[in-house]
Structure formats: C-alpha cells, structure tokens
Amino acid sequence: MHLARFPRLTLGHFPTPLEPLTNLTRLLGGPQIWIKRDDCTGLATGGNKTRKLEFLLAEALAQKADVVITQGATQSNHVRQTIAAAAKIGLQAKVLLEKRVTDFGEEYQRSGNVLLDHLLGGEVMAHLPGGTDMQQAMEELAQQLREQGRKPYIIPGGGSNPTGALGYVACAEELLYQSSQQRLRIDHVVHATGSTGTQAGLVAGFTASNSAVPVTGISVRAPQDKQQQNVWELASRTLELLGVKGALPREAVVANSDYVGDGYGLPTDSMLEALTLLAQHEGILLDPVYSGKGMAGLIDLVRKGHFRKDENVVFIHTGGAAGLFGYRHLLESGSLRV
C-alpha cells in the first residue's frame with residue numbers, strides 16, 4: 001500500500017488528535033473509549049470530508065478542471081467542506097442541495113452549513129426535492145457547463161468513490177501509527193456511516209495493512225443489508241485501486257442500523273443524549289445527523305455489554321458541529337442536561 005502513488009493536495013491539519021474520553025468511560029463503566037478528532041481537520045470548521053478532498057481535488061486539478069460540482073442534503077457537511085477546499089485552490093464550486101428534511105422551518109434551510117456555503121463562495125444552483133436522482137442532476141449540470149466551454153469535475157455525494165476513500169485509507173495508516181506511538185491496542189473502531197466512503201476507506205486500509213482492526217459503522221440512513229453491501233462494494237473497489245489482491249470477506253464489513261430513528265437527519269432521543277453527554281462531560285461538540293447518532297450507537301452498545309471492559313474502542317468523530325445551528329429549536333425545546 002503506497003499512497004504516495006496517488007495525486008494528493010494538503011488541505012487539512014493532520015494527524016488529528018487521538019484522545020481518551022476519560023469522563024465518558026468512567027460514566028459508562030468501560031470499555032476504554034478513545035476519540036479520533038477528525039472534527040479538527042481545520043477546513044472551514046473541519047470534518048471527515050477533508051481527507052477525501054485531498055485526493056479528489058488533486059485529481060480534479062490533474063484533469064485541468066475549472067469548476068467542481070457536488071451535492072448533498074441541505075445541511076451537508078460535505079458540501080461545506082468541498083466549497084471551502086475549492087476556494088482554497090482557486091476553483092469555482094457549484095452545488096445542488098436535496099431537501100431530505102422538510103419540516104424544520106426556515107432556520108434549518110438557511111443557517112448552519114447553508115450559511116457557510118454562501119460565505120465560502122459556493123454557488124447553490126438548486127434546492128431539489130427529497131428523492132431526486134442527485135447523480136443524474138449533477139451530470140445534467142456538468143453537461144450544461146461543458147456546452148459553455150467549462151471543464152467540470154463531479155464529486156459524488158460524501159466524496160464517496162475509490163479516489164475519495166483513499167482519504168480514509170490514509171486515516172487507517174495514521175491511526176495505526178498513533179496507536180503504536182501511544183502503545184494503544186485498538187480493539188474496535190466505531191463511527192457514523194452514511195455515503196460509505198469513510199467506512200470503506202477504513203476497512204480497505206486496515207485490510208491492506210493486515211492489522212485486523214474491526215470497524216463498526218453506525219448507519220445514519222440506510223438499512224443494514226443495504227449499507228453493508230454498499231460499503232463492501234466501495235471497499236472492494238478501493239482495494240482494487242490500491243492493487244491489493246484477493247476478495248474482501250463480507251464479514252469484514254459491519255454496519256448497525258438500529259439508531260437511524262425515523263430517517264436521515266431526524267432527531268432521536270439517544271442522539272440528543274449523546275450530544276449532551278459529550279458536550280457536558282468532555283467539552284466536545286457532536287452533530288445531530290452523523291456523529292451524534294454514531295455516538296448514540298456506541299453508548300448503547302457499551303451499555304448492552306457489546307465490548308469487554310478491558311477493550312479499547314476508538315470513536316472517529318467525523319465533524320459537523322456547524323449543523324447544530326440548524327437544529328436550534330430542537331436543542332432549546334427542553335432540558336438536555338444529563
């Protein structure tokens with residue numbers, strides 16, 4: 001596995017910290033919980049997409065693109081980071097937003113990540129209804145731009161293709177190095193999984209390094225069978241891109257969809273508890289859509305005895321705290337103190 005073979009920009013602050021969650025561990029009674037702070041990647045409030053964009057935008061520049069196109073939900077962290085990265089390297093960013101959540105009012109549609117999208121100079125081309133074929137919509141926009149003499153580069157939702165997944169192959173390498181330096185045996189990695197690129201990259205990276213670190217993705221949208229299939233397919237394609245021989249075992253991909261609740265971006269009581277516990281006991285901000293539900297899953301699994309008390313579990317914080325401002329009415333609606 002030789003990532004230097006692939007074009008890559010420097011966009012983030014790496015390595016991100018690997019820290020113990022001492023108070024949360026004490027509160028839950030074990031196992032030892034650690035956090036990988038990929039909310040600290042440094043690009044317009046940070047987040048996991050920065051790692052992917054280092055490879056994706058390097059590919060865009062190699063292809064002589066002069067504009068990037070991407071898409072995401074209204075409060076998309078990926079869209080915000082893509083616009084920021086494009087601004088940093090001098091490319092125009094045109095984005096399409098999908099209204100997956102429709103009943104949270106005007107503040108949800110305009111604040112948080114949406115406000116930052118505009119501040120960072122992104123051009124929101126359309127707010128499309130939930131269920132729109134967003135890939136097709138991006139292709140149509142790209143064709144319009146080509147007819148105008150532009151050279152667009154399309155980044156899929158979440159930056160989740162084999163090129164983008166290389167960012168989390170790099171994260172797996174980084175995490176293994178940090179754990180070696182800290183003499184930390186990693187028994188489990190847990191994180192929120194959505195568009196699949198983060199989990200696929202981690203699985204590919206740990207597989208290629210023969211480290212045998214199991215990864216559990218807490219799904220924020222899709223049912224378990226679909227999520228696992230999507231992750232397995234992308235991880236397999238990423239390993240192929242890396243030149244790693246052999247089929248990826250299906251059991252290498254584990255997703256848990258028990259914490260989605262009523263749907264993508266919709267709050268759950270367990271997510272609100274996770275937000276509050278991390279804020280009030282560790283001083284760390286999660287987000288309502290991804291890391292909040294991911295941490296809710298981890299907390300519940302700890303309470304159910306899924307992990308041994310002598311094990312070390314690393315939670316990867318994928319960022320997104322800017323999205324909290326779109327949920328202000330929810331956070332202020334009652335006492336969240338735990």
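User: Is the crossing of helix 2 and helix 3 left-handed or right-handed?

Analyst: The crossing of helix 2 and helix 3 is right-handed. A crossing gets that name if the near helix is turned clockwise from the far one by less than a right angle, and left-handed if anticlockwise. Before we go on: this is a predicted model, where local features need pLDDT of at least 70, side-chain atom pairs count only at pLDDT 80 or more, and totals for chains, interfaces and linings use all residues. Residues are numbered from 1 along each chain as its sequence is written, and side-chain values use heavy atoms, leaving out hydrogens and water.

User: Why is helix 2 called oblique to helix 3?

Analyst: The axes of helix 2 (residues 49-62) and helix 3 cross at roughly 45 degrees and come within 10 Å. That angle makes helix 2 oblique to helix 3, a word for what is left after roughly parallel (under 35 degrees), roughly antiparallel (over 145) and roughly perpendicular (65 to 115).

User: Why does Ser76 count as buried?

Analyst: Ser76 has 8% relative accessibility, so it counts as buried; the term means under 20% relative accessible area, with exposed over 50% and partly exposed in between (1.4 Å probe, protein chains only). Ser76 sits in the loop between strand 3 (67-73) and helix 3 (77-89), and UniProt lists Ser76 under "active site" in an unreviewed entry.

Technical notes: UniProt positions are given in the numbering used here, feature names are shortened, and annotations may be inferred rather than shown by experiment. Helices (H or I, at least four residues) and strands (E, at least two) are DSSP runs, numbered from the N terminus. Axes are lines fitted to C-alpha atoms, for helices over the stretch in contact, and angles run from 0 to 180 degrees between N-to-C directions.
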